[in-house]
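Q: I have a model open and would like to learn how to read it. Can we take it feature by feature?
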There are 2 protein chains.
Amino acid sequence: MPTKITPRAQDFPQWYQDVISASPDLYDESPVTGAITFGPLATKLWGNIKGYLDHHLKAMGVENIMLPMLIPESFFTREKEHVEGFAPEVAVVTHAGGAKLPEPYYVRPTSELLFVDWYGRNGKIQSHRDLPLLVNQWCSVMRWEKRPRAFLRTSEFHWQEGHCLFADEASCRKHTLAFLDLYATLCEELLAIPVVKGEKPEHERFPGAMATYTIEGMMQDGKALQMGTSHMLSQHFLMDSDGSPRVSFLNEEGKQTVPFYDSWGVSTRLLGAVFMSHGDDDGIVLPPFLAPVSTAVLPILAGDAKENEKIRSEARKLAGLIADSKEIPFALHGREKSFEELACTSCHDGVSSSVRIDQREGVRLGDKTFQQIHDGTPVRIELGKKELEEGMCMVKSRIRSRDDAKKVPLKDAAKEVANMLEEDQKTLFERAQQRMEKNTLHASSYDEVKDALATGKWVEMAWDGSQKTVEQLKAETSGGTIRCFAFDAKEDAKKENDPLSGKPSAFTKRVIVGKAY
Amino acid sequence: MPTKITPRAQDFPQWYQDVISASPDLYDESPVTGAITFGPLATKLWGNIKGYLDHHLKAMGVENIMLPMLIPESFFTREKEHVEGFAPEVAVVTHAGGAKLPEPYYVRPTSELLFVDWYGRNGKIQSHRDLPLLVNQWCSVMRWEKRPRAFLRTSEFHWQEGHCLFADEASCRKHTLAFLDLYATLCEELLAIPVVKGEKPEHERFPGAMATYTIEGMMQDGKALQMGTSHMLSQHFLMDSDGSPRVSFLNEEGKQTVPFYDSWGVSTRLLGAVFMSHGDDDGIVLPPFLAPVSTAVLPILAGDAKENEKIRSEARKLAGLIADSKEIPFALHGREKSFEELACTSCHDGVSSSVRIDQREGVRLGDKTFQQIHDGTPVRIELGKKELEEGMCMVKSRIRSRDDAKKVPLKDAAKEVANMLEEDQKTLFERAQQRMEKNTLHASSYDEVKDALATGKWVEMAWDGSQKTVEQLKAETSGGTIRCFAFDAKEDAKKENDPLSGKPSAFTKRVIVGKAY
């Protein structure tokens, strides 16, 4: 049965809540303030993102390690900026092993301070030959959240955090940007979400960073979502407050030198981005390349036992053909089957999609269909008595009109599905790109700025560099913020004035302003 | 340079510490009491175990989810047995988000209580059609450890915990044992460690379990290591203390019924098992099927630049041949190379091994060799000027005598390596199996029991079922414990007497007694 979903145009936040609740395998509330349980579907989606990214990181020479989840409080208190940024949201372990601890631990909100401790152990970087040191960890982190929103802001979330050391600043900056490029490719290729790459203004930097680079995506309500960041930390964190090095190496000239440091991460927030970027008034929509199940085969079992078995058997054959043609395995659906009968859905958390058959009896086609629609499954195939007699099946795309069902000969179904998946992946990206282009306006007067932000658009404008403009924007446009200096923006802001203050632009580039999640 | 390693015969615990320290990429101490950082090599080893197990679990129909890492204290206090088992070792979060919490959270030591909470949400199991519900999570857990030993006992460790619900007791028991079987196959096939499968005596059960099944491996010092457990929890945890159900479903007869529950897990402790089962007086030894790098190619670069480049080029060609023949990628070794030159080592955390070339100049062959020996790399290939002139290379196995080096034509090297890897995997398993068989003795007198335990052996003996025997064993044999009732033991204990008490056996089967980690 269709779940009631508030239309996007009526109330976008409620729509988001409705669509993620309509897919029962996505998430559940938990007894931990602001934290959710990631259900089987969300875990697979994150697994596919992880598989894609980990593959590319390993190709870049990055190795994974696993640090403890706790960090001594004193590590934070010696880093003023860092502790001010994170102290209000950390969870604190004060007791362990049946006793009060001499020093509390923070559950990691991010692990810079622990990586720096690790770099210094057992002579990891003695000479320039030991650099670059490229390491990453996949884990969850905790930042206490009183106003949570599933996937977008939760007290605990999953991410990867890369932490690398380099021999010099140029190499550090180059690689900081290379990791940002990888994130942008991930969003565009896998998630079908175009992003703007850019640099954050100083007041939006990661606590302790020399530069923070960002990728920003536009959601369907016109709001910006920061989808990943890469921080040039320089020599920050690597020296004590008196300037003495915590980590150093012998450079090519034989001089003891402090290396350069960057850190970079993307998180399960990306799932929220996928839902808010592609979902429609029927539910979430998964990009075909990301979807754990790309095709659902729905046999119509309305006859007697013998007839149903024939349809089921043909459905299995069809699913096998489709799976083979993409070299992907397929799975039977339905917990009523004992698990020995379930085929392997996916060998690992790499990017792979599979075909699934919903062969439950006693469940109406309409209900099976709505389950797949709510789960965002890219393609559905219906196969009943009538179709079988004609040697045909009905192939339907999640993102095309419902009247757009194609009647396809069984022998051609695999090819039809493969084409549909590729085309739909492309369509989703193009739709999102057109939306972003159409809704990004250049504004030279404050009225234009206010109008644009009030109607869910992004604004390109000159900025005088003042905090006054930043505060005025926030207060008078219900939350407009400077998202970034876009890398590919033209250097044409220098003759323009800040539309709020009327003062000349402090930069050669305009900034992008938008409301944000 | 060889690191000094205490011989096993002299001091086994010190040997263990020495070999895991001699491989610099295995682990580091951390600033968290009893917790370690898992280095790149340990993370890859765990990744390979995870890849193997996750593949087989998915084939059995198990889906992964991700629950929060915190559990409200009240969840524990309502489970008397469970809280008594875990309270002494949990880490407690008392503050979060800048304030004292109304109720503390425990960092999960295991997640039964959270899974039970999750089962009850959003109508997950309404009818018998929703069962079995087969779910698992990969995560780390925390059990505060004041006497840690890297990989064997650490305050934080990584594991998987499966938590499944079934419609009836028979189905639950069958699957509880099926998961144990999978663990045994993992140990034997991948880790080359034979295990005894059996049931724990009542006093060794998981807090709250109706039956605990175990796999026990024998380490080189004759001690037992519990390598994995599967718990038949029955309806425990699923009902309040007054018997009212926390979770129930409508069974086939239309009656509201409480399901049956099992949980099962293996952890990073398995890495300790690998090191203690196969290591020798030179360092750790990795089973070829588990090793992230199966073959290290060591070019001997002792000539001029032109000559060295020729040798390096042939080494790369050779590595490519070997990698191709096993359909595995290869990687260049050495951080002095910028990362763009590094090839992909492995696409994902599945079981795969790769070929690595150590082409550093200015590092002696002896030092490169010892690094590979300390890292437990299964096969090394040396290639220098002399070998190249003859069209040959030297192939050496980690586990065979050092005089056993084979001079092999370059064109045959790939085949030789493949054979060697397969044979060595088999040899490691057979050695461990012979050790276990040779060192398991039947004892009918208390003197025999004491002698056997004092000389690092396991004992099969009749048990009268009393705690007095359990305590006497522990006190008088420096820690002997009942490991299990082995599944494959003969039912011949019923006419025997407990060698400690002289009283008749309470069971048809003997128990296995050993000292344990």
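Q: With which strand does β15(B) pair over five bridges, and in which sense?
A: Strands of a sheet pair through backbone hydrogen bonds, either parallel or antiparallel. Here β15(B) pairs with strand β18 (residues 379-383) of chain B in the parallel sense. Pairing means that DSSP finds at least two bridges between two strands. Strands (E, at least two residues) and helices (H or I, at least four) are DSSP runs, numbered from the N terminus. One bridge sets B:L298 against B:E382 in β18(B). β15(B) also pairs with strand β17 (residues 354-358) of chain B, in the parallel sense over four bridges. There, B:V293 has B:S354 as its bridge partner.

Q: What kind of model is this, and how are residues and chains labelled?
A: This is a predicted model: local features need pLDDT of at least 70, side-chain atom pairs count only at pLDDT 80 or more, and totals for chains, interfaces and linings use all residues. Residues are numbered from 1 along each chain as its sequence is written, while chains are lettered from A and ligands numbered from 1 in the order in which they are written.

Q: How many residues of strand β15 of chain B are buried?
A: Count C-beta atoms, placed from the backbone: a residue is buried with 20 or more others within 10 Å of its own, exposed with 12 or fewer, and partly exposed in between. In β15 (residues 293-299) of chain B, seven of the seven residues are buried, so the strand is largely enclosed by the rest of the structure.

Q: In what order do the 11 strands of the open sheet in chain A run?
A: The order is β3-β7-β8-β14-β11-β10-β9-β23-β24-β22-β21, with mixed pairing. β3 (63-64) and β21 (440-442) of chain A stand at the edges with a single partner strand each, so one side of each has no neighbour in the sheet. Two bridges join β3(A) to β7 (residues 133-142) of chain A, and the two run parallel. In one of these pairs, A:E63 has A:V135 in β7(A) as its bridge partner.

Q: Which strands does helix α6 of chain A lie across?
A: Helix α6 (residues 169-190) lies across β8 (156-166), β9 (196-199), β10 (211-218), β11 (224-234) and β14 (260-267) of chain A. It runs at about 165° to β11(A). Such angles run from 0 to 180 degrees between N-to-C directions, with axes fitted to C-alpha atoms, for helices over the stretch in contact. Contact means C-beta atoms, placed from the backbone, within 7 Å. Helix α13 (residues 467-476) of chain A also packs on the sheet, touching β23 (480-486) and β24 (511-515). Its direction makes about 130° with that of β23(A).

Q: By what turn and shift can chain B be laid on chain A?
A: A turn of 180° and a shift of 0.0 Å along the axis do it, with an RMSD of 0.1 Å. The two copies are thus related as by a two-fold rotation axis. In chain B, the C-alpha nearest the axis belongs to B:V93, 2.1 Å from it. The superposition is by least squares on C-alpha atoms of residues with pLDDT of at least 70 in both copies.

Q: Is A:S478 buried or exposed, and what is its phi?
A: Most residues other than glycine have a negative phi, and most peptide bonds are trans. A:S478 has a positive phi of about 50°. It is exposed, with 11 other C-beta atoms within 10 Å. By contrast, B:F151 is buried, with 26, and has a phi near 75°.

Q: Where is there a cis peptide bond in chain A?
A: One joins A:L131 and A:P132, with omega about -5°. A:P132 is in the loop between α5 (112-119) and β7 of chain A. In chain B, a cis bond joins B:L131 and B:P132, with omega about 0°.

Key: Two residues are in contact if their C-beta atoms, placed from the backbone, lie within 7 Å.
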